Amino acid sequence: MKTTAQVVVIGGGVVGCSVLYHLTKKGWKDVLLLERDQLTSGSTWHAAGGFHTLNGDPNVAMLQSYTVGLYKELEEISGQSCGLHLSAGIMLADTPERMEFLKTTVAKGRYLGMATEIISVTEAKKYFPFIDEQHFIGALLDPNEGHLDPSGTTYAYAKAARLGGASIEVQTMVEALEQKPDGIWRVITNKGVVECEHVVNAGGLWAREVGRMVGIELPVLAMEHMYLVTDAIPEIEAYNKEAGKEIGHVIDFGAECYLRQEGKGIVLGAYEKACVPWSPKETPWSFGQELLQPDLDRIAPSLEVAFRHFPKLENVGIKRVINGPFTFAPDGNPLVGPVRGRTNFWSACGVMAGFSQGGGVGLALSNWMVDGDPGFDIWGMDVARYGDWATRSYTNAKVRENYARRFSIRFPNEELPAARPLQTTPLYDSFIAQGAVMGDSWGMETPLWFAPEGSEPKDIVSFRRSNDFAPIKAECKAVREAVGVTEIANFAKYEITGSGAEPWLLHMMTNTMPRQGRIILTPMLNPQGKIIGDFTIAKAAEGRFMMWGSSQAQVYHMRWFEQHLPNDGSVHIEALGMRLIGLSIAGPKARELLQRLTDDDMSNAAFKFMDYREMEVATVQAKVNRITYTGDLGYEIWVAPEYQYRLYQSIMAAGADLGIRNFGMRALLCLRLEKHFGTWFREFRPIYGPFEAGLDRFVKLDKPDFIGKAAAEKEKQDGPKRTRICMQVDATDTDVMGDEPIWVDGKVVGWVTSGGYGHWVDQSLAQGYIPSELVKPDMQLEIEILGERRPARLQMAPPFDPEALRMRM
Ligand SMILES: Cc1cc2nc3c(=O)[nH]c(=O)nc-3n(C[C@H](O)[C@H](O)[C@H](O)COP(=O)(O)OP(=O)(O)OC[C@H]3O[C@@H](n4cnc5c(N)ncnc54)[C@H](O)[C@@H]3O)c2cc1C
């Protein structure tokens with residue numbers, strides 16, 4: 001075995017082998033894969049081998065599409081068959097809601113160039129002849145679905161990697177990982193030590209244990225999963241002969257199961273509600289190519305429905321039942337990328353659909369390792385999307401919830417209950433007592449909206465406007481006409497200190513830094529000139545800055561900041577988390593309210609728009625920004641958590657005669673739409689440039705160098721290819737949810753990033769991106785909402801306060 005390598009990949013399942021292959025494809029030849037047993041010895045060997053391109057996150061769907069398209073190339077390079085069966089797939093809708101879900105799925109796929117379409121049940125039956133039509137109302141057809149040979153595919157990756165220069169050692173168990181002061185990893189195995197620059201954790205079923213070797217607890221858990229294979233069914237043979245093809249894959253949401261042809265029989269797998277984690281604390285190293293004890297009773301409810309839906313199957317014999325474990329992250333998507341706080345330690349695990357996603361994971365990770373960037377927007381798979389709060393037991397609860405809901409609809413206004421409440425602020429009980437409907441925001445409970453007295457504080461989940469519509473309208477009205485208060489604890493907050501703080505921020509961000517006591521807004525770019533952050537920064541004192549950003553991106557951003565800190569100790573950055581939490585007051589009476597809580601001069605002349613102050617509010621030491629995301633007159637007041645209750649009570653008492661009212665996160669997001677404000681992860685993501693996103697005024701190309709400057713200059717010079725646009729939509733009872741296609745002249749030209757109802761301006765609003773050359777003030781647009789193309793108009797100026805006088809009043 002080699003004793004040095006540039007990269008050691010731990011794990012020879014489909015994912016490790018894909019990473020290895022993609023590294024060689026990127027030109028890294030000195031790469032070594034270590035496998036404790038034989039290749040495929042984890043969950044890979046007993047997979048059902050199904051693949052498809054659909055995913056709730058369009059960016060992950062794109063990588064799935066890449067994976068499916070890769071197999072032909074892999075067979076050609078390796079000479080090894082992947083056993084491909086491109087049999088097409090159908091998803092069957094048994095309820096109107098499911099039909100709406102399928103329509104949104106097809107619509108989302110349009111701008112990704114996916115060939116999915118809605119078909120009738122009669123047409124669906126041409127792909128799967130056993131359907132009893134009376135149970136269904138329609139279907140989605142995906143021609144790019146199929147199945148393959150899991151082992152053949154893994155060996156094809158391995159062979160192609162070897163041909164590209166990689167080495168593979170089987171029967172080589174990684175027992176420990178150590179990092180030397182110079183950053184070189186010592187990979188300690190049963191066959192000796194390998195020293196390398198980079199380690200990739202593709203440990204699959206043992207990814208947690210490999211993580212623990214470097215002191216981290218990855219949010220990943222294996223679940224038992226069962227599928228059965230039936231005896232031969234004569235009708236299948238007849239169908240194959242007559243149609244000259246296999247029967248198609250099926251997802252039956254009602255029965256929560258999937259089906260496909262295997263030999264002349266059927267594979268039927270279920271995602272059962274009574275699901276069972278496997279090895280919840282530790283995966284035994286002794287586990288090898290063995291299966292778990294089947295328990296058909298567990299999937300009996302699925303089988304019962306499936307037999308009703310496909311009556312022919314009821315009397316077919318079962319040839320064998322497979323029960324095997326495979327891993328999931330809490331949201332079911334992979335955990336990919338560099339692990340924060342560990343130099344050159346990369347994650348490629350939690351891949352629950354290795355044959356749909358393995359290629360995309362290998363591509364993204366190898367790009368990241370070689371070029372310093374994944375090359376795509378892979379936020380949906382980034383290992384940095386979880387924080388320390390995603391503990392082992394949190395993961396256990398969430399993975400079980402996710403598994404049991406694999407074939408359930410997630411409505412746009414649906415909050416999932418497992419492992420909640422997790423993090424709460426001191427106001428949690430008080431908000432609940434006032435009828436708050438809470439949402440989960442990166443592990444933290446956040447008020448979404450407040451149910452009026454006498455009504456149940458609960459979302460009625462729907463794709464359409466729901467029971468929160470009227471209460472949110474009332475909350476927005478209170479803000480626009482008087483004053484509202486909302487909790488803003490769920491922001492990321494940072495303090496940056498040190499003699500090098502200002503030059504460092506100037507280098508990291510596109511904007512110039514503010515004078516002391518002032519605030520700026522700024523995007524942050526990667527070297528490719530794409531938006532990787534969107535921050536509010538206040539200069540508190542010489543060498544001390546406060547900064548606010550997206551809470552969900554806190555680990556993602558800290559990973560980036562720490563990678564770019566100077567090593568002379570001149571800059572210190574700290575994520576303050578729950579040590580600083582906030583309340584925002586907004587509306588025309590916000591100043592009057594704040595003035596009642598302080599003896600400092602709050603007049604417009606003394607405390608201007610975009611000012612920052614450290615001052616006492618209601619006797620509490622606070623950091624106050626004169627800025628709000630509502631686009632109104634307003635303030636963000638930040639305090640230590642032990643003072644939040646007092647601050648809130650004081651605000652409510654002082655605002656009583658001003659008409660103060662609680663407003664939640666949903667009202668806040670509606671109010672920002674009326675001002676055309678974008679938001680991180682929707683309008684601002686690493687696939688957009690700052691000029692495309694309309695952030696021109698925050699990009700100071702005349703200041704000395706900053707990360708991404710050259711690319712930003714080029715974007716400006718060439719002109720942005722796409723433009724973020726804001727639209728008013730002729731909606732009926734449904735507003736956009738995000739990811740809908742935008743049509744111009746009968747063609748899909750772009751996509752919606754977010755939207756909703758502007759309650760104060762009484763307009764259905766949407767934002768999205770289209771090619772810049774198409775943007776014309778009087779252009780006719782259409783947005784496909786729930787399968788219906790609704791007319792939309794471009795809004796050149798925000799419908800609320802286009803001159804931005806309210807924020808400055
Ligand atoms: C019953 C069942 C049906 C499935 N059906 C499908 C399907 O239809 N389609 C689909 O896409 N997916 C399916 N899956 C999921 C699929 O199997 C996984 O997504 C995939 O196998 C994950 O591959 P992996 O490489 O991440 O992990 P694994 O296959 O678990 O590979 C990890 C490897 O790492 C090795 N390893 C771990 N630790 C060490 C160490 N310390 N030293 C050396 N080696 C180490 C292990 O021995 C193992 O070989 C199914 C899974 C099951 C159980």
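Start by selecting asparagine 625, which lies in strand β30 (residues 620–625). Strands here are DSSP runs of E with at least two residues, helices are runs of H or I with at least four, and both are numbered from the N terminus. Before you go on, know that this is a predicted model: local features need pLDDT of at least 70, side-chain atom pairs count only at pLDDT 80 or more, and totals for chains, interfaces and linings use all residues. Residues are numbered from 1 along each chain as its sequence is written, and side-chain values use heavy atoms, with hydrogens and water left out.

Is asparagine 625 buried or exposed? Asparagine 625 is buried, at a relative accessible area of 0%; buried means under 20%, exposed over 50%, and partly exposed in between, using a 1.4 Å probe and protein chains only. Now show its contacts (heavy atoms within 4.5 Å). Leaving aside neighbours within four places in sequence, they include Trp548, Tyr612, Gly634 and Trp638.

Next, colour the sheet. Six strands make an open sheet with mixed pairing, in the order β29-β30-β31-β28-β22-β32. β29 (612–617) and β32 (661–662) are the edge strands, each with a single partner, so one side of each has no neighbour in the sheet. Two strands count as paired if DSSP finds at least two bridges between them. Zoom in on β28 (residues 581–586) and β31 (residues 634–639): they run antiparallel and share six bridges. In this pair, alanine 586 sits opposite glycine 634 of β31.

Now jump to the ligand. Ligand oxygen atoms lie 2.7 Å from a polar backbone atom of valine 351, 2.8 Å from one of phenylalanine 355 and 3.1 Å from one of glycine 49. The protein covers 97% of the 1000 Å² of accessible area that the ligand has on its own (Shrake-Rupley method, 1.4 Å probe).

Last stop: select serine 499, in the loop between β23 (491–497) and α13 (501–508). At 70% relative accessibility, serine 499 counts as exposed. Draw a line to tyrosine 688, 189 residues away along the chain: the C-alpha atoms are 33 Å apart.

Terms used. Polar contact = N/O pair within 3.5 Å; in protein donor to acceptor, adjacent residues only side chain to side chain.
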